[in-house]
Amino acid sequence: CAAPSILGHLGMLEGKNATCFEGFEAQLKGANVTGEPVCVDGRIITARGAGVALQFGLKLTQLLCGDAAYKKLHDSMLCE
């Protein structure tokens, strides 16, 4: 969404891969803008917007709780 622009303005995306809502790319100062729905680069996790909230949540689950928890949640929600 637009929230990654805050990280860009703070200089936290310099040299990092990141993504954001269309039209905010210039706000990601120093980032390599990927356009992916959800982008992880080290400790920085960015997403394109509310439409990918489920993918963002699943990625957080995977990173914080591991692959088994991710798969269990993913499969229980009938995600493809």
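I started with Ser-5. Leaving aside neighbours within four places in sequence, I find Ser-5 in contact with Phe-24, Gln-27 and Leu-28, where contact means heavy atoms within 4.5 Å.

I note the basis here: this is a predicted model, in which local features need pLDDT of at least 70 and side-chain atom pairs count only at pLDDT 80 or more, while totals for chains, interfaces and linings use all residues. Residues are numbered from 1 along each chain as its sequence is written, and side-chain values use heavy atoms, with hydrogens and water left out.

I place Ser-5 in helix α1, residues 4-9; helices are DSSP runs (H or I, at least four residues), numbered from the N terminus. Ser-5 counts as buried because its relative accessibility is 10%; buried means under 20% relative accessible area, exposed over 50%, and partly exposed in between, with a 1.4 Å probe and protein chains only. I also looked at the side chain of Ser-5, which reaches the backbone oxygen of Ala-2 at 2.5 Å.

Next I looked up the largest nonpolar core. I list 6 residues: Leu-13, Ala-18, Cys-20, Leu-28, Ala-31 and Ile-44. Such a core is a set of buried Ala, Val, Leu, Ile, Met, Phe, Trp, Tyr and Cys residues joined through side-chain atoms within 4.5 Å. Beyond four places in sequence, Leu-13 has contacts that include Pro-4, Leu-7, Lys-29 and Ile-44.

Last, I checked α3. I count 1 buried residue among its 10, so α3 is hardly covered. Met-77 lies in the segment after α3 (67-76) and is partly exposed, at 41% relative accessible area. I record Leu-78, following α3, with a positive phi near 60°.

Methods: Helix = DSSP H or I, 4+ residues; strand = E, 2+ residues; numbered from the N terminus. Polar contact = N/O pair within 3.5 Å; in protein donor to acceptor, adjacent residues only side chain to side chain.
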